[in-house]
Amino acid sequence: MAPYRILSLDGGGSWALIQVRTLIDLYAHGTDGSGVTGHDILRRFDFVAANSGGTLTLAGLIRNWPLSRLLALFLEQEQRQK
């Protein structure tokens, strides 16, 4: 039986930033994440669960944003305040 792949994106403010940086580290192979999109990540998993700040990460993945754009959402104060 093939393994069931679950991506769990927890909440808690700065945890979302850590999640995005981790996805970049795991899947962007040493780049800034601009070449890896949300759909590239999501197709690797069978199920995704998220809450609180993790739902912001998931929303960016669903919208197929590059990981670099998703990271900017959490790093840039102007974006965070929107």
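At what angle do helix H1 and helix H3 pack? The model here is predicted, and in it H1 (residues 14–27) and H3 (residues 53–62) pack at an angle of about 40°, with their axes 8 Å apart. Angles under 35 degrees would count as roughly parallel, and 65 to 115 as roughly perpendicular. H1 and H3 are therefore oblique to each other.

Which residues make the contact? From H1 come Ala-16, Gln-19, Val-20 and Leu-23, while H3 brings Gly-53, Gly-54, Thr-57 and Leu-61. Sorted by class, the contact of H1 with H3 has 4 nonpolar residues, 4 polar residues and no charged ones.

## A pair of strands

Let's turn to the strands. Strand E1 covers residues 6–9, and strand E2 covers residues 47–50. The two pair in the parallel sense over 4 bridges.

## Two loop residues with positive phi

Most residues other than glycine have a negative phi. Here are two residues to check against that rule. Ser-52 sits in the loop between E2 and H3, and its phi is near 50°, a positive value in a residue other than glycine.

Asn-64 lies in the loop between H3 and H4. Asn-64 is not a glycine either, yet its phi is positive, at about 65°. Is Asn-64 buried or partly exposed? Its relative accessibility is 29%, so Asn-64 counts as partly exposed.

Helix H4 spans residues 67–75, and Phe-74 is found in it. Buried means under 20% relative accessible area. Phe-74 has a relative accessibility of 12%, so it counts as buried.

## How confident is the prediction?

The chain averages a pLDDT of 90, and 95% of the residues score at least 70. Among the elements of the chain, helix H2 (residues 38–42) has the highest mean pLDDT, 97. The lowest mean, 72, belongs to helix H5 (residues 77–81). Where pLDDT is low, the predicted coordinates should not be read in detail.

Terms used: Residues numbered from 1 in each chain as written. Predicted model: local features only at pLDDT ≥ 70, side-chain atom pairs only at ≥ 80, totals over all residues. Heavy atoms only, no water. Axes fitted to C-alpha atoms, helices over the stretch in contact; angles between N-to-C directions. Parallel < 35°, antiparallel > 145°, perpendicular 65-115°, else oblique. Contact = heavy atoms within 4.5 Å. Nonpolar A, V, L, I, M, F, W, Y, C, P; charged D, E, K, R; others polar. Buried < 20%, exposed > 50% of the residue type's maximum accessible area, 1.4 Å probe, protein only. pLDDT = per-residue confidence, 0-100. Pairing = 2+ DSSP bridges.
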